[in-house]
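Subject: Structure handover

Hello,

Here is the structure to go with your sequence. My notes follow below it.

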Amino acid sequence: RRPVPQPEASLPARRPMAQPEPAVREPSPRHRAEKQPPSPAQPTSTIVPSSQLQNVPSPQAQPTSTKVPSSKTQQNVSSSHPQHHTAVNLPPPPPPPPPRFHLPQHIVERLYDFRKEHLHHTAQPLRVNRSCTLCNQKMSAKSFEFDFHQLHQEARMRPILTVSSLYGRTNNRIQSMLKIYELAVRHHALAVVPQDLLLDHTHITEWFDLQSAFEPHHLAIVSVTLRMLLRHSFWKTILMEKDQLILHQNTSLAPGFYKLKASSLFHAPIRTPSLGLLQYSCKVRTLAAKVFPLLNSCGEALLPYIGVHMRWLEGSCLSRMKQNPLAFDICHMTPELVKEVRTHLGLEFAPVYLANDGQQPEDITHLQEHGVICLDYGLDPGDDDPEHLAILELRLAIDQYILTNAEVFIGNPTSSVSRNVCVQRSANGKGCFVLE
């Protein structure tokens, strides 16, 4: 039988499904320990849905609670919520350390090759040459002295060569003197050098021992200035093209007086091997040994040291090295550059001697703070000590002598001082490293 369907009204109403109660998170043991059991007098709390919290009146003060002063309440609230504090002026964070200075890879490779080629003997103890005479007092330049009467006699037999003007500064003038001498040897002539060729107040024989590099037959030192030497009209001006003399009439130099244009002579590509044979005078070597104890007057270092030349060139150093990425570090000779070079050469603890032109006193002081040796040539007002005056007068010669005998020399590629020091060092079998 089929069941008789009942009307819908008679069916029982469906009960709505019970919603699952939200899970209550059980407190942690630490919170459970802090939670105190409710006191008997405290009424039990009821759970009110969050949607009805706005309509629930605030509970009255419990009988067990005590009133807290408003000031203490604010203090507790402020301590529990530090984000509501007023802004405090904290010191700014320290700036990040500057990046470490690194040399370009091609310079590092050159330093490595230089170290392998020239510094293989640094670990050996230095030996002092006992046969060296500390100062040769017999050195004399009288054999080079000529007067006008002798010059006229020589001009009848061979050409007399000199320079038309004083071009450049001290080391540029040294180059001019050496080129005149090389031309005199080539053309069987006599090179005449005035006494003010180097400096107006310094005789050339106070710098160098000329007998060690020159032949008296081709060099004459006259005890007059260049102006006095050229005051006569019998001097003929000649030019140079590359390394050859340009003569208007003769293809070879005839006996007579000739003055070479200083600019063309200086830029002429004439090799000067005599510069490597040039030795400093006894006076320079003796004064250098007094102001720099690591070096004796024989040119022997008691301890290997590094020579550094810093040249500012009246502010034109940076403009002359625009293409060099190390232009700033070379012109200012920064301590970071000196440290990197010492590290790559394996001479981290070697003394460093700085020769400079005195145009960067702040950079010199900064280097001295890093242990670099720099001689103070300043004299007190009224100091009339002859030795101090001689040191001040020959300061550049003393610096070049110390740089020439250093274990390693780091030069400025824009300076004629560095170029001349490199030539002298190469003649003595010592290396020269120029940052270029």
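Is Leu313 buried or exposed? At 9% relative accessibility, Leu313 counts as buried. Buried means under 20% relative accessible area, exposed means over 50%, and partly exposed is in between, with a 1.4 Å probe and protein chains only.

Two notes on the source. This is a predicted model, where local features need pLDDT of at least 70, side-chain atom pairs count only at pLDDT 80 or more, and totals for chains, interfaces and linings use all residues. Residues are numbered from 1 along each chain as its sequence is written, and side-chain values use heavy atoms, with hydrogens and water left out.

Leu313 sits in the loop between β10 (306-310) and α10 (317-320). Its phi is near 55°, a positive value in a residue other than glycine. Glu314 is in the loop between β10 and α10 too. Glu314 also has a positive phi, about 55°, and is not a glycine. At 47% relative accessibility, Glu314 counts as partly exposed.

**Overall**

The protein has 16 helices and 13 strands. These are DSSP runs numbered from the N terminus: helices are H or I with at least four residues, strands are E with at least two. Of the 436 residues, 39% are buried. Take the contacts (heavy atoms within 4.5 Å) between residues at least 6 apart in sequence. Of these, 74% join residues at least 24 apart.

**The cores**

In soluble globular proteins, nonpolar side chains tend to be buried together. A nonpolar core here is a set of buried Ala, Val, Leu, Ile, Met, Phe, Trp, Tyr and Cys residues joined through side-chain atoms within 4.5 Å. The largest one has 70 residues. Leu161, Phe214 and Ile402 have the most contacts inside it. Helix α5 (residues 170-186) gives the largest share of this core, seven residues. A second, separate core has 35 residues, including Val108, Cys317, Leu345 and Val408.

Leaving aside neighbours within four places in sequence, Ile402 is in contact with Ala288, Phe292, Leu295, Tyr305, Tyr353 and Leu375. Ile402 is one of the buried residues of α15, along with Ala397, Ile398, Asp399, Gln400, Tyr401, Leu403 and Thr404. Eight of the ten residues of helix α15 (residues 395-404) are buried, so this helix is largely enclosed by the rest of the structure.

**Helix pairs**

Two packed helices are described by the angle between their axes and the distance between the axes. Axes are lines fitted to C-alpha atoms, for helices over the stretch in contact, and angles run from 0 to 180 degrees between N-to-C directions. Angles under 35 degrees count as roughly parallel, over 145 as roughly antiparallel, 65 to 115 as roughly perpendicular, and the rest as oblique. For residue classes, Ala, Val, Leu, Ile, Met, Phe, Trp, Tyr, Cys and Pro count as nonpolar, Asp, Glu, Lys and Arg as charged, and the others, Gly among them, as polar.

- α5 and α16: The axes of α5 and helix α16 (residues 416-427) come within 8 Å and cross at roughly 50°. The two are therefore oblique to each other. Asn171, Asn172, Ile174 and Gln175 of α5 meet Ser416, Val417, Arg419 and Asn420 of α16. By class, that contact has two nonpolar, five polar and one charged residues.
- α3 and α12: Helix α3 (residues 105-118) packs on helix α12 (residues 335-345) at about 45°, with the axes 9 Å apart. That makes α3 oblique to α12. Val108, Leu111, Phe114 and Arg115 of α3 make the contact with Val341, His344 and Leu345 of α12. These residues divide into five nonpolar, one polar and one charged.
- α9 and α14: The axes of helix α9 (residues 282-291) and helix α14 (residues 386-393) come within 11 Å and cross at roughly 105°. That makes α9 roughly perpendicular to α14. Lys283, Leu287, Lys290 and Val291 of α9 meet Glu387, Ala390 and Ile391 of α14. The contact has four nonpolar, no polar and three charged residues.

**Asp363**

Asp363 lies in helix α13 (residues 361-369). Leaving aside neighbours within four places in sequence, Asp363 is in contact with Met310 and His332. Asp363 and Met333 are 30 residues apart in sequence and 7.8 Å apart in space, C-alpha to C-alpha.

Best wishes
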